[in-house]
Amino acid sequence: MSAVREHFGSRLGFILAAAGSAVGIGNLVAFPVAATKSGGGAFLLVYALFVFFICLPVMMAELALGRRSDKDPVGAYREVSGGSRFWRIPGWLALITPFMIAVFYLVVTVWVLGYLVETLRGNLDLLATEAHFGQFINSPVVFFYLVILMLAINGILAMGVKDGIERAAKTLMPMLFVMLLGLVAFVLTRENAMLGIKYYLVPDFSKLDARVVNNAMAQAFFSLSLGMGIMITYGSYMKKQDSIPGSARAVAITDTLVAFTAGLLILPSIFHFNPQIDTATLSDSSAGMIFLFLPKIFLALQDGVGYFGASVVAAIFFFLVLVAAITSLVSIIEVPLATLRDERGMNRKKAIYTVAAIQVVLAIACAMSFGMADWLTSFAPIAGENVSFFDLVELIFYSTILPLNGLLVCLFVIYKWKWANFDRELQQGDPTFAGSISQKYVNFSLGTFIPLILLVVFIITVADKYF
Ligand code: PHE
């Protein structure tokens, strides 16, 4: 067991680190596309309601559990449950889930890095060709980028919570905000930009069906980095005098604002490229958008700024996505590191080597599952189709288990840890929370309809994707 637990240095540091975790590829690409396809302003409204009325209480539950136990997720569930056998399960799930999500997220981030390098080399026109992505992901150079990325992420992690994670967030997050706003300002001056804004924002409530609502919920949950043990772990590095409700609110607002702002960048660019575009044809997958579609969009931004200008815009965008992905990866890889340190008594360095060694092997397997290795490409039969190793990892750990983990956190905090103890933790650092409407709402919702909604999301996903 580590002697003195590491802590974030300041409340702002914690908020930026947690926001760094929450702001990721999901915000910058998946969110704007989902919003445009699913009713614009109507989707934004539903999404915002989910973030503040459903996800925010879950985030408070995770942070409080972490801070109360001063432990990694496995230790947190064990300690707070008094060693219950059953409650060991969510602890382990909150370790394996981030471990595996990190693996496929690493691979996507490797591609982003590759696209950034190609853009900087002046090859944006090449990236915009149809065949390039397939060739790129199957070329051995991805392994080189994987090594670079692992060195960068683990280099940050090696410096610890305050000097590594927090300092990186304090540098990278403001940089991300500035780059994002700069790009928005630029694309808003382009022709047909307002058409894109219109498609993004004008509400169309007729598009809100059960599926859209389910997707909005899943997207909000993923975007706030819930169900992955991250907030439990980060909670354990929070100081007792800091307000959990206040900090969680700041993280949720930042995350949602960045997602919203990303739409002001993506949609005008798409409509500048093609004002007649049928938004229903846009790819649902972030990877499809980033690597197959957006390079063409950026290439089309040339008028007035030329090929060089368009390349600069594209490079800033890929860099932005890379930064967002790195701060997310740092947070998710910190979870298994915390477990190895707390449960196995390893030091940070040894934990990093152990986790990195396994993750590199699995990430290589994911990277090879697009054609390099046949058995990985058609790895397992799901719903009558052979899916790749990459897709299987994403399906199990991201689509399926996340809502289940969220459900277990809610039930655990309210019924096992008991809401009165949970409240006591929330009131530490936030005396005004005691007896407030927010407190009543958080307790009631976590014990009743939030777990129910997460159960519905879980069931719909299983019915939809496995049969
Ligand atoms: N919130 C992140 C995103 O939107 C999700 C995430 C967190 C993914 C941490 C990986 C690691 O992309």
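Let us start with helix α15, which is mostly covered: 29 of its 39 residues are buried. Here a residue is buried if 20 or more other C-beta atoms, placed from the backbone, lie within 10 Å of its own, exposed if 12 or fewer, and partly exposed in between. Helices are DSSP runs of H or I with at least four residues, numbered from the N terminus.

Before going on, a word about the model. It is a predicted one, in which local features need pLDDT of at least 70 and side-chain atom pairs count only at pLDDT 80 or more, while totals for chains, interfaces and linings use all residues. Residues are numbered from 1 along each chain as its sequence is written. The pLDDT is the predictor's confidence in each residue, from 0 to 100; the chain averages 95, and 99% of the residues score at least 70. For the complex, the predictor gives an ipTM of 0.96 and a pTM of 0.96.

Back to α15, and to its length. The expected span of a helix is 1.5 Å times one less than its number of residues, so the 39 residues of α15 should span 57 Å, and this agrees with the 56 Å between its end C-alpha atoms. Along the way, α15 bends by about 25° at V335, and the proline P336 follows within four residues. That bend is the angle between axes fitted to the seven residues ending there and the seven starting there. After α15 comes G345, whose phi is positive, near 70°.

Now look at the ligand. α15 gives the most to the shell around the ligand, with 4 residues, and α1, α2, α5 and α11 are among the helices that each supply at least two. The shell holds 15 residues, of which G24, G26, S225, S328 and I332 come nearest; a residue is near if its C-beta atom, placed from the backbone, lies within 6 Å of the molecule. By class, 7 are nonpolar, 8 are polar and none is charged. In this scheme Ala, Val, Leu, Ile, Met, Phe, Trp, Tyr, Cys and Pro count as nonpolar, Asp, Glu, Lys and Arg as charged, and the others, Gly among them, as polar.

Helix α20, residues 437-447, has Q439, V442, S445 and L446 as its buried residues. Seen down the axis of α20, they fall within an arc of 145°, so they line one face of the helix; the arc is that of the directions from the helix axis to the C-beta atoms. The exposed residues I437 and K440 sit on the face of α20 turned away from its buried side.
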